[in-house]
Amino acid sequence: MPTMPPAQPECRLDVRHAGALCVGMVIGAGIFKTSPMAAQALGDPTQLLLAWALGGVLSLVGGLCFAELAAAFPDTGGDYHFLRRAYGHRLGFLFAWSRFAVIHTGSMALLGFVFGDYLAQVVDLTPWLGPHASALMAGGLIVGLTALNLLGVRVGLGTQLGLSAAVLLGLVLLGLGAGAQVLAGHAPATPPPAVPGADWGLALVFVFLAYGGWSDAATLSAEMRDPQRGIQRALLLGLALVMGLYLLANWAYLRVLGVSGLAASEAPAADLMRIAFGRSAELLMVGVVTLTALSVMNALLIAGPRTTYAAARDLATEWQLARWNHARGTPTGAVLATAGVALALVAFGTFTRGGFSTMVDYLSPVYWFFMTLSALAVIVLRRREPDQPRPVRVPLYPWLPLLFAGTSAYVLWSSVVYVKAGAVVGVAVLVLGALLLWGHGRRSR
C-alpha cells in the first residue's frame, strides 16, 4: 500500500489574520516596560520621541525586506527558510534551534513574568501560592494558552484577534487619558535639561525590544490566500499601526508624567491612568497590560512552533516535531515542545531571581545576530537565485537592506554591551545547538 504524503499547511489565512499576528507579536509588554528605560538613557522628550519614530521607520524597512523574501520563498519556516536558502542548512537549523531554545521561548517566559508581576499588583496571591506566585501564574498561563492552540489554528488565531483588539483599546485609552489632561488644563511637567552624552545605543536596545517580533508573521507566508502580496500588506499595515500607537503612547506619557516622571515610573501606563481618571482606571490599565502579555504569548505559540516544525521536517521527518495535524491545522508536537522549554525558562528566571531582566539578557544578542543575517539574505538570494520570481521587491535596493542590516548589527553590539555577562547564557545555548547539529550530522553519515 503506498504511503500517504505528510499533511501540509493549507492556504486558509488572509491579511487580517497575518496583520493581527504582526500587531500581536509587536505590541507586547515592551511599550509598558521599556519606555521608562529609554527615557533614562536619553533624558530629553524630543530625543525620546525621535528614537521611537526611528525605531518604527527602521522596522518598516525590515518589513519590506521580509516581504520580498516571504513572497519569493513562501514557507511555514519563515526566516528559517530564508536563512537556510541563503547560508546553507546548518545555519538554518541553528536559527531554528535559537528560536526554539532562546528567542521564542525566552520571550514567552519574559511575558509570563510581566503577566504575573502586573497581576500581583491587583491580586495578592502570595498567601495561596507562596513567594513564587508570579512564576506559578506565568507557568499556568503558558499551559492554558498551549491547550487553546492545540484545539486548532482557527481557535488560536481567533483568540489572537480578540486579544489584539483589547491591546489596541488599551493604547487608545492612554491617548484619551493624555487628552483629558489637556482639556482639563493640566500643564505637562517641566522637562529637565537634556542628559549630557545621551546613550542612544542603550535607548535603542529597549526601543527595538518593544518593536521586535514582527518578522514572525513571515511564518504564515505559506498559509496566505494571497501568497503574492498578502504578507507584504500584513507586515506594512501592522507595523504602521504599531508605530502610530507607540508614538501616541509615548506622547501621552510625556504629556502627563514628563520625561523625569516617565524615567522614574515602574508602571507608566498605570500611573498615567491614575492621574487622568483615578484608581479604577489604573486597575483597568493593569488589566490591559496582562492582556497584552497574553496576546504576544499566544502569537508566539502560533508562529514559533511553525519554525520548529519546518526545521524538524527538513532535518528528520520521523521526529514527532515534524508532524502536522491536518484536521486542526497545527504542528502539535512542536507546540508541546515549545511550551515545555518556556516552562523550563520560567523556572530558570525564578532561580536567578531576575525574572524579566534575566530573559532580556538571555535572548537579545541571539535575536539581533540572526536579524542581521536575515537582512543580508535579501542581497545573497538576489545574487544566488536571480531568476526566482519576486512579486515584491525592496525599493532602493541594495541600500535599504544594507541599512537594516547595519541597524541590526548596531543593536546587536549595544545589547552585548548592555547585558554583558547575561549574554553568555543565551550564547551558550546557541553553541549547544551547534554541537547537537554537529553530532546529528556525524550520525547521519
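Colleague: Is histidine 81 buried or exposed?
Modeller: In this predicted model, histidine 81 is buried, because its relative accessible area is 12% and buried means under 20%.

Colleague: Where is histidine 81 placed?
Modeller: Histidine 81 belongs to helix 5, which covers residues 79-87.

Colleague: And what does histidine 81 touch?
Modeller: Leaving aside residues up to four places away in sequence, histidine 81 touches Phe73 and Asp75.

Colleague: Stepping back, how many helices and strands does the protein have?
Modeller: The count is 17 helices and zero strands.

Colleague: How much of the protein is buried?
Modeller: Of its 445 residues, 59% are buried. The protein exposes about 17,400 Å², and carbon and sulfur atoms supply 67% of that area.

Colleague: What about helix 15, how far does it reach?
Modeller: Helix 15 runs over residues 356-384 and spans 41 Å from its first C-alpha to its last, close to the 42 Å expected.

Colleague: Where does helix 15 bend?
Modeller: At leucine 376, by about 35°.

Colleague: Is helix 15 mostly covered or mostly uncovered?
Modeller: Helix 15 is mostly covered, with 23 of its 29 residues buried.

Colleague: Changing topic, which residues form a nonpolar patch on the surface?
Modeller: Leu396, Trp399 and Leu402 form one, with about 370 Å² of accessible area together.

Colleague: Where does leucine 402 sit?
Modeller: Leucine 402 is in helix 16, residues 399-419.

Colleague: Why is leucine 402 called partly exposed?
Modeller: Because its relative accessible area is 37%, and partly exposed lies between the cut-offs of 20% for buried and 50% for exposed.

Terms used. Residues are numbered from 1 along each chain as its sequence is written. This is a predicted model: local features need pLDDT of at least 70, side-chain atom pairs count only at pLDDT 80 or more; totals for chains, interfaces and linings use all residues. Side-chain values use heavy atoms; hydrogens and water are left out. Patches are made of residues with over 30% relative accessible area and no salt bridge: like charges are joined within 9 Å, nonpolar side chains (Val, Leu, Ile, Met, Phe, Trp, Tyr) within 5 Å. Accessible areas come from the Shrake-Rupley method with a 1.4 Å probe; for residues, only the protein chains shown count as cover. A salt bridge is a side-chain nitrogen of Lys or Arg within 4 Å of a carboxyl oxygen of Asp or Glu. Helices (H or I, at least four residues) and strands (E, at least two) are DSSP runs, numbered from the N terminus. Buried means under 20% relative accessible area, exposed over 50%, partly exposed in between (1.4 Å probe, protein chains only). Contact means heavy atoms within 4.5 Å. The expected span of a helix is 1.5 Å times one less than its number of residues. The bend at a residue is the angle between axes fitted to the seven residues ending there and the seven starting there.
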